[in-house]
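Here are my notes on the model, as numbered points. Please read them with the coordinates open.

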Amino acid sequence: MVSSTVKSGQNLDAELRPSSKLVAFLLMCAALAVSLIGDTWLGESEWQKVLLFGLLLYSAAGVVWLLDEWRPQVGGWGAVMALVVVSNVGLFWLGVPGFLTLLTIPVVVAAVLLGLLAATITAVGQTVVLLLLYSAAPFPVNLPTTVTILIGVWFTLGLVIYVYHSMYQIVQWSWEHYQQAQDSLEEARDRKVELEQALEALALANRELVLLNERVANLRLLAEEAQKAKTAFVAKVSHEFRTPLNMIIGLTDILIEKPEVVYGNKLPAPLLEDLKIVHRSCEHLSSMVNDVLDLSQTELGRLTLHREWVDLAQEINAAVTVVQPLLEKKDLSLQLTLPNGLPQVYCDRTRIRQVILNLVSNAARYTDTGGITIGVVQQGRFVTVNVTDTGSGIAPEDAQKIFDPFFQVRDNLWREQEGSGLGLSISKQFVERHDGEIWLESKRGVGSTFAFKLPISPAMGLAAGPARWVDDDWVFRERTSWPKVSPSPYKQRVVLCDETGDLYPLFTTYADDIEFVDAQNLSQTRQELQECPAHAVILNSISPNHLKIMVEQARQEIPDTPIIGCSLPPRADHALKSGAIGRLIKPVRQSNLEEAIQKIDSPVKRVLVVDDAPDVVQLFSRMLHIYDDTLEIITAADGKEALHQLRAHLPDLVLLDIILPDVDGWQVLANKAQDEAIKDIPVIVVSAEDLVEQTKSEVLLATMGAGLSVSQVLRCSLQLSELLFEPG
């Protein structure tokens, strides 16, 4: 940067110097002036000298001009020498003392044309010449005048140096700022180009964003269609699951509770114990099917946990009881280590039970010799469960993927075992949803240990620091007694004032981090709020017209709590509106069926069972005969046959499945309602479908105390609009 600046300064110095042709021009002008006034100035007797002096001036001008054409720097030195010669010739030859004052001009010309160094050399040269001429020959000027001229020469040199440096600094400053301005201009041009490119890129990105928004809108429509298809698929699959589960649970209920009715005698005690294990396993699977249905109704993509304080020892013992027959069959030992004083864990009983059952059953399935060890250890605020087997172990490359969905170990022993590869993946999700951790430790030929740890209770952070309520002069006083605080984590409290009674089980299915309080009327709601305040009161009424009256009454009686009003019909309302007197969800227990029949006012002698599964028809027939062995049972496998049997036999009761080939249960009810002969026959809908998605509120009201202000209405409206636009 410094070298470039110096180079720029040298170039600038050279560019600022005028051409020596200017001196040549001035010499020509002087020659012309001498030719015109020389005679008058020196007299007619000296005209020859004047003529020669004029020729000298013309010659000097020509030489300077030619030298400048050849080389500008040589022309500059020529101009300086020409002025020196002209001055001295005018002094000595013409005898004009005034020419002595012209000796200062070469110094100025040298500084202007060649620089300060040339000016200094010129001044030194003139001084030497004057001193030599003064001492060597008769000088036309006296000594004081000569000295004065020399002083003028050097004074002129000093003045030139001073002026030169001042002008050079000014010019250098101007040049540097000019260069900076040029650089800034170039940078501004570059930035302009970059800005134009950025604007062009932004316009392109904007067009792409518009296209992406259109695609997102289309993909959202596809996602909504996929969600509907998923819901329908889950409902169909759940129906297919519930049909065999209904058979297993129904038959095991009969075999456990009343085996003598079917077989005429009691079953052996070991067989009853095995049936109870089968019954418990089916109950667990049935609850999992219900959870799948609940998940299909949400768009959250996460599992809803229903936490409670659970005794892990009890759940481990239950899992061992289920797996015990397999252990005895394979002659495997079982070592169970449960420490005394093991604390209860705040978790979802069903999910953790499934995790334990998956790990223990896997250990039993993939172990041929040796045994299984189950241990529980408390470590701080965590409880760790270890399930160790003496199987073949798992290779390190397989251990890294063992918790991936549908992953199957490449070991032949594991290949021979049946399994979908989902058990460990689901267990991992359940444990992580509890803020826990699950891992594997395995060694080939020795065995494997699957372990998971759970927090005993969720971590609860401080809502505010002590600085808000501790003063500098606060005096510590130790408590003599401590209050009993529930170890359960804090939850928001919502009171449900519901005349249908369906809201409480429905809401608890969708949210586990809220404490719901079930109340049947406003009086009970007010009593619950007096015992403990709540964040909100959700008031439900079957009739939307009656809802406003109830909300207004609640607003006056409960002025300090937000009131949310809705109109959700009973979950069985769709079936009731279609002409049924009730509905049963598979799997159907004997007690559920008997309770439904007893609600019918007229006597029941003939029952029509409509279902496309022959096993289900047989199960319901047995359950009906257990209730009353004199009942006449008529069956139908589809909707068309059901309508035919209705008109042909006029039964006293119909057990109608919803999902039927060709004509479904809803169409059967619609056709039945249009036939005067059979429209009054009572029908109980039996289905594996849960009709939660068909339960909708036509209106939602919100109020509190004296009413909502304008700002509250605006904020609530904006937040509510965002929620209403969300899928599901």
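**Notes on the predicted model**

1. Lysine 428 is partly exposed, at a relative accessible area of 26%. The model is a predicted one, so please read every value below as computed from it. Lysine 428 pairs with glutamate 432 in a salt bridge, 2.6 Å from N to O. Glutamate 432 is partly exposed too, with a relative accessible area of 42%. In general, an α-helix has 3.6 residues a turn, so residues three or four places apart point the same way.

2. How many salt bridges are there by the rule used here? The count is 16. One of them joins arginine 349 to glutamate 315, with the closest N and O atoms 2.7 Å apart. Is glutamate 315 buried or exposed? Its relative accessible area is 4%, so glutamate 315 is buried.

3. Glu308, Glu315, Arg349 and Arg353 are linked in a network of salt bridges. Side chains of opposite charge can pair when their charged atoms come close.

4. Lysine 330 and aspartate 368 form another salt bridge, with the closest N and O atoms 3.4 Å apart. Here the partners are in loops: lysine 330 between H10 and strand S2 (333–337), aspartate 368 between H11 and strand S4 (371–379). They are 38 residues apart, and the pair links distant parts of the chain. Lysine 330 has 22% relative accessibility, so it counts as partly exposed. Aspartate 368 is at 44%, which also makes it partly exposed.

5. Look next at helix H16 (residues 522–531). Which of its residues are buried? They are Leu522, Thr525, Glu528 and Leu529. Seen down the axis, these buried residues fall within an arc of 120°, so they line one face of H16. Gln530 and Glu531 are exposed, on the other side of the helix.

6. What do the buried residues of H16 pack against? They pack against strand S8 (492–498), strand S9 (514–519), strand S10 (536–540) and helix H17 (544–557). At the start of H16, a side-chain oxygen of asparagine 521 comes to within 3.3 Å of the backbone nitrogen of serine 523.

7. Threonine 384 lies in strand S5 (residues 382–389). Its relative accessible area is 5%, so threonine 384 is buried. Its side chain makes a polar contact with the side chain of glutamine 379, at 3.4 Å. Neighbours within four places in sequence aside, threonine 384 is in contact with Gly375, Val376, Val377, Gln379, Trp439, Phe452 and Lys453.

8. Finally, the cysteines. How many disulfides does a search of the whole structure find? The search finds zero. Cysteine 497 has 2% relative accessibility, so it counts as buried. Cysteine 716, by contrast, is at 43% and counts as partly exposed.

Methods: Residues are numbered from 1 along each chain as its sequence is written. This is a predicted model: local features need pLDDT of at least 70, side-chain atom pairs count only at pLDDT 80 or more; totals for chains, interfaces and linings use all residues. Side-chain values use heavy atoms; hydrogens and water are left out. A disulfide is a pair of cysteine sulfur atoms within 2.5 Å. Buried means under 20% relative accessible area, exposed over 50%, partly exposed in between (1.4 Å probe, protein chains only). Helices (H or I, at least four residues) and strands (E, at least two) are DSSP runs, numbered from the N terminus. The arc is that of the directions from the helix axis to the C-beta atoms. Contact means heavy atoms within 4.5 Å. A polar contact is a pair of N or O atoms within 3.5 Å; within protein, one must be able to donate a hydrogen and the other to accept it, and residues adjacent in sequence count only if both atoms are side-chain atoms. A salt bridge is a side-chain nitrogen of Lys or Arg within 4 Å of a carboxyl oxygen of Asp or Glu.
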